[in-house]
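Please consider the predicted model shown below, with attention to the surroundings of its ligand. The paragraphs that follow lead from the ligand shell to individual residues.

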Amino acid sequence: MRCATRVWRTAAIVAAVFIGLNFSATLAVAQQPSPTDPNANAVHEQQLLQEFGRVHGLGSIPDVRSYTIEQPMGRTWRAFHEVWLHWIGAIAVLGMIALLAVFYLVRGRVKLESGRSGVSITRFSGYERFVHWMTATCFIILALSGLNITFGKEVLLPLIGADAFSTWSRAAKYAHNFLSFPFTLGIILIFLMWLRGNIPNRVDIEWIKRGGGIVGHDHPPAYRFNAGQKAVFWMVVLAGTAIAVSGYLLIFPFYVTAIFGMQIAQMAHSVIAVLFVAAILAHIYIGTIGMEGAFEAMGEGSVDLNWAKEHHSLWLEEESASIANTTSPPPTYQHRQGTT
Ligand code: HEM
C-alpha cells in the first residue's frame, strides 16, 4: 500500500515538473520573435503598414534603408510611375507633335518675305554656338535615355528583344548619369551668357499682342531676343535647374532626403522631363522647318540681313549703330558666296 502511494506521489511530481517545463517553454517561444511566416505576414501586411507605417525585411548590405519592403506611399508612387506618368508623357509629347503638324499644315513655313539680300550679319559667336550645341546634344541623349526608362519596356522591348534591350538600356543609363554633368554646365553657361538679352521689356508686350509674326504675317520689332525666345530661355533655365536638382537627388539617393522626398524628386523629375521634351520640340520646329533662315543663326553663326530686318529690327539697328561707331572695318557683315 505504502509502495503504491510512493509510486503515485513520484508520478504526480514528474507530471507537475513536466507540465511546468512545458509551460515555461511555451512562454519562452511566445516571447521570442516569431519565425518568418510569409503567409501570416501577407495576411497582416495591411495592418502592419497601418500600425508601423512601414514593413521591413532583412538584408545583408550595410545600408539598412534598403530593408524597407513597403511604405505608405509605395503603391501611390507605383501607380504614378506605371500608369499616370505614361499618360502625362504620351499626351505631352505626342500632343505637341500633332499640334506642330497641324500648325505647319495650316500656317505653313514663316517665309523670308523680302527675299535674301546676300549680305549676312553675325548673330552668334563660336563660343555661344558651342555652348548651345553641347547642351542640346546632352539634352537629346538625356531625353532619349530617360524616356527609355519610362516607355522602353512597353515600346522598345517587344520590338528589339530582351538581349538588345538590356544592352541598350545599360548604355543609356550610363549616358543618362554621366551626361547630366555637361548638361548642368550648359544650363549655367546659357544663363550667364544670354541673361542680359532675355530680361523682359515693353517691346515684348507689343510683340505678343501682334502674334510674334508667327501667327499671321506681321513683323513686330524685337531686340536680340523676342518674347518667344525669352520664354524659351526662362523655361530652359528654370526647368533645367529643376531637372538637374531632382536628378542629382536620384543619382545620389538618400543623401539629402528620405524615401518620401525621393518619391517626390522622381515624380518632379519625370513630369518636368516630359513637359520639357514637348516644349523643346516646339523650339526645334521653329528653328528648322518652321521658319526660313532661322537655322543658319545657330548652324553657321550668321543670318541674312533681311532676316534680321524682318525678325529682329531693333537688334539690327543696335548692331548697325555700333558698327558705324567703330573705325575698323565692320567684322559682323559678310557677303555670302554665290549671292550678290
Ligand atoms: C542634370 C541632369 C539630369 C540628371 C542628374 C538626371 C538623373 C536621372 C536619374 C538618376 C534618373 C533615374 C534613373 C533610374 O531610375 O535608373 C532619371 C530618370 C529620368 N530622366 Fe533624368 N537626369 C537629368 C536630366 C534629364 C533630362 C534633361 C531629361 C529629359 C529632358 C531627363 C529625363 C528623364 C526621364 C524621362 C527619366 C525617367 C523617369 C522614370 O520613368 O522614372 N533627365 N534621371
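Helix 3 (74–107), helix 4 (126–155), helix 6 (162–194), helix 8 (227–251) and helix 9 (259–287) each contribute at least two residues to the shell around the ligand. Helices here are DSSP runs (H or I, at least four residues), numbered from the N terminus. The most is given by helix 4, with seven residues of the shell. The model is predicted, so that local features need pLDDT of at least 70 and side-chain atom pairs count only at pLDDT 80 or more, whereas totals for chains, interfaces and linings use all residues. Residues are numbered from 1 along each chain as its sequence is written, and side-chain values use heavy atoms, with hydrogens and water left out.

In total, 25 residues surround the ligand, and the closest are His81, Thr150, His176, Gln266 and His269; a residue is counted if one of its heavy atoms lies within 4 Å of the molecule. By class, the shell comprises 14 nonpolar residues, ten polar and one charged. In this division Ala, Val, Leu, Ile, Met, Phe, Trp, Tyr, Cys and Pro count as nonpolar, Asp, Glu, Lys and Arg as charged, and the others, Gly among them, as polar.

For Gln266, an N or O atom of the side chain is 2.6 Å from a ligand oxygen atom. His81 has a polar side-chain atom 2.8 Å from an oxygen atom of the ligand, while the side chain of His176 has an N or O atom 2.7 Å from a ligand nitrogen atom.

His269 belongs to helix 9. Is this residue, His269, buried or exposed? His269 is buried, because its relative accessible area is 16% and buried means under 20%, exposed over 50% and partly exposed in between (1.4 Å probe, protein chains only). Its side chain forms a polar contact of 3.0 Å with the side chain of Ser246, and a polar atom of the His269 side chain lies 3.3 Å from the backbone nitrogen of Gly247. Beyond neighbours within four places in sequence, His269 is in contact (heavy atoms within 4.5 Å) with His176, Ile243, Ser246, Gly247 and Leu250.

Phe254 lies in the loop between helix 8 and helix 9. Although not a glycine, Phe254 has a positive phi of about 70°. Phe254 counts as partly exposed, because its relative accessibility is 25%.

Technical notes:
Polar contact = N/O pair within 3.5 Å; in protein donor to acceptor, adjacent residues only side chain to side chain.
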